[in-house]
Amino acid sequence: MKFYHTSDIHLGAVPDGCFPWSKARGEEIYDSFVRLVDQANLEKIDLLLISGDLFHRQPLTRELQVVGELLGSLRKTQVVFIAGNRDYLREDSSYRTFRFPENVHFLDGIQNKKIVFPELQTVVYGLSYTRKQQQEPLYESFRPEEEGIFSIFLVHAGEEEHMKLHPEKLAASGFSYIALGGSHEYHSWLENRLVCAGALEPIRKKDLGEHGFVEGEWKEGFLTTRFMPFALRSYRKVVLQSKNDTTEENLWEELKAAIQREGSRDIYRLEIQGVRKPGRDFDPEHFLNLGNVVEVRDLSEPEFNLKELKKQHGKDMIGRYIDYFERQDTKDEISRKALYCGLLALLEAES
């Protein structure tokens, strides 16, 4: 029995809403889902498992019709899915009344908590969110009721303000495979038995690295799974080191080279570290205009020669200001920034 396990599709999401590529990203999220369905058809996959957040928000009936037709086009594949915190099963949810094709099975975890596939010797259990924030670990009470067949449990958990993930308790539940969603990063525990597929496409700028889905096979009593990169784009973090003589143009050229090297299609987060010449600031807009740059964080600090400044200013205000900070027990980042900001202000006032 072969299956695809995916999660956190977030249909309807428009990532990076104020940036030029945002609309294209929204379309790519749907396109990747279509590509996944097409591949399941081509590979004649037995099961397509979706562990929550198929939609980015409450789905409209017309949206369910589109997705229903798409999933209904699968010739061999059975689809089983649950609702996550984004598309949770609220009282007026379209999920409650919509009739999916015969091969598509929605599990709310209450009235419909499992679906048995005798021809596959497989049973799939599922637990949907019934409210946006559901912190109680409801999955802990689930146990497979059948013996001698492959048992799968769909769970959406692990993010902040949602059901906290306890891998050891899930491992003790007795399921053959636990298909997790909720986190946008792929992760595998317990020799492939407990797996978070991550988001099919990265949705947020913190969704760094590769994204895709999990391909699994249950054969002759053995389970194997592997992560399949599938996303059209990735978010990448670029860290550039600044020195006292580094100019903004130097950093711009370094970022340009990194984008050309890694791929201009991807989306970049820039972080500037190190030191810079006092009074020199780096303009974020200069870097944002370079390409698909979604964030610029300047963590560099002005490099002062404190020993030379104390020698020059002796006991005047600047000298006493430096002396005060040097006598403090704390040398943390906040204190250091306060020292540098104060020195800049005092030196500018003096000039």
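Predicted model: local features only at pLDDT ≥ 70, side-chain atom pairs only at ≥ 80, totals over all residues.

I started with H6 and H7, which cross in a left-handed way (the near helix is turned anticlockwise from the far one by less than a right angle; clockwise would be right-handed). Helices here are DSSP runs of H or I with at least four residues, strands are E runs of at least two, and both are numbered from the N terminus. Residues are numbered from 1 along each chain as its sequence is written, and side-chain values use heavy atoms, with hydrogens and water left out.

H6 (residues 306–313) and H7 (residues 317–326) pack at about 135 degrees, with axes 8 Å apart (axes are lines fitted to C-alpha atoms over the stretch in contact, and angles run from 0 to 180 degrees between N-to-C directions). That makes H6 oblique to H7 (under 35 degrees is roughly parallel, over 145 roughly antiparallel, 65 to 115 roughly perpendicular, the rest oblique). Among the contacting residues I noted Leu 309 of H6 and Ile 322 of H7 (contact: heavy atoms within 4.5 Å).

Next I checked H1 and H2, whose axes come within 10 Å and cross at roughly 25 degrees. They are therefore roughly parallel, and H1 passes H2 in a right-handed crossing. Tyr 30 and Phe 33 of H1 are among the residues making the contact, as are Val 66 and Leu 70 of H2.
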